[in-house]
Amino acid sequence: MAISAQDVKALRERTGAGMMECKKALQEADGNLDRAVDILRERGLAAAAKKAGRSTTEGLIESYIHSGGRIGVLLEINCETDFVANTDDFRALAHDVAMHIAAARPVYVRREDVPESALEHERQVLRVQAQNEGKPPAIVEKMVEGRIDKYFKEVCLLEQPYVKNPDQTIDQLIKEHIARLGEQIQVRRFARFERGEELSPAESE
């Protein structure tokens, strides 16, 4: 059934869960708001969202070296306490996310980190693609925005399908650990290095 933007917004306000999780829960609940709240709670997503405002000043700097020193990753992933930071579960999560970064080549942590200049460049390329496909002007912009969403899933770490389980995004993997460990967890930043890759002008100075 069709889910309205108003229902998604209402569920988000009640639970604090992400827009996509709210939409999926509403679809599964056939539009029933109360059932959708229960679905999010059962999955630990509502609980995770309630922790979103907590301070994350502890955590780990995780390193991962792959393919005989050909690819390396440094990742900062934060939690609320050093107790959780030292658990095997949190350390395994840090390792798995760093390994995913090595394999999947994300550029940004989240879509909010993508510079407007990069987005506009991508939109222009996609606009020309759609025009070259002979699409009428009336639907070109709709196609562009649909493909921009796919672009986010390609370049933003949290939106990428997890390499060990493509049915799950990195964001969902992290929220699963938030629910299990009882603390807010955030990827703060990462750097990925590949031997022989071209440096940006700033890096080569």
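Biologist: Why is Lys 175 called buried?

Modeller: Buried means under 20% relative accessible area, exposed over 50%, and partly exposed in between, with a 1.4 Å probe and protein chains only. Lys 175 has 16% relative accessibility, so Lys 175 counts as buried. This is a predicted model, in which local features need pLDDT of at least 70 and side-chain atom pairs count only at pLDDT 80 or more, while totals for chains, interfaces and linings use all residues. Residues are numbered from 1 along each chain as its sequence is written, and side-chain values use heavy atoms, with hydrogens and water left out.

Biologist: What makes the pair of Lys 175 and Glu 21 a salt bridge?

Modeller: The term requires a side-chain nitrogen of Lys or Arg within 4 Å of a carboxyl oxygen of Asp or Glu. For Lys 175 and Glu 21 the N to O value is 3.5 Å, and the pair therefore meets the rule. By this rule the count comes to 19 salt bridges.

Biologist: Which parts does the pair of Glu 21 and Lys 175 tie together?

Modeller: Glu 21 lies in helix H2 and Lys 175 in helix H9 (residues 170-181), so the pair ties together parts that are 154 residues apart in sequence. Helices here are DSSP runs of H or I with at least four residues, numbered from the N terminus. Glu 21 has a relative accessible area of 9% and is therefore buried.

Biologist: How many salt bridges does the rule find across the interface of domain 1 and domain 2?

Modeller: The rule finds one there. An automatic or database domain assignment supplies the bounds: domain 1 (5-50), domain 2 (58-111 + 156-194) and domain 3 (115-153). One residue pair is also in polar contact across the interface of domain 1 and domain 2, both residues being at pLDDT 80 or more. A polar contact is a pair of N or O atoms within 3.5 Å; within protein, one must be able to donate a hydrogen and the other to accept it, and residues adjacent in sequence count only if both atoms are side-chain atoms. On the side of domain 1 that touches domain 2, the elements giving two or more residues are helix H2 (19-28) and helix H4 (45-50).

Biologist: How do you know that domain 1 and domain 2 are in contact?

Modeller: Contact means heavy atoms within 4.5 Å, and six residues of domain 1 are in contact with six residues of domain 2. The C-alpha centres of these two domains lie 25 Å apart.

Biologist: Why is Arg 123 called buried, and what is Glu 116 called?

Modeller: Arg 123 is at 16% relative accessibility, so Arg 123 counts as buried. Glu 116 has a relative accessible area of 53% and is therefore exposed. The closest N and O atoms of Arg 123 and Glu 116 are 3.5 Å apart, and the two form a salt bridge.

Biologist: What separates Arg 180 and Glu 176 in helix H9?

Modeller: The two are four residues apart, so about one helical turn separates them. Their closest N and O atoms are 3.9 Å apart, and they form a salt bridge. Arg 180, with a relative accessible area of 47%, is partly exposed, and Glu 176, at 36%, also counts as partly exposed.

Biologist: Why is Asp 96 called buried?

Modeller: Asp 96 is at 16% relative accessibility, so Asp 96 counts as buried. Asp 96 has its place in helix H6 (residues 88-104). Leaving aside neighbours within four places in sequence, Asp 96 is in contact with Tyr 162 and Lys 164.
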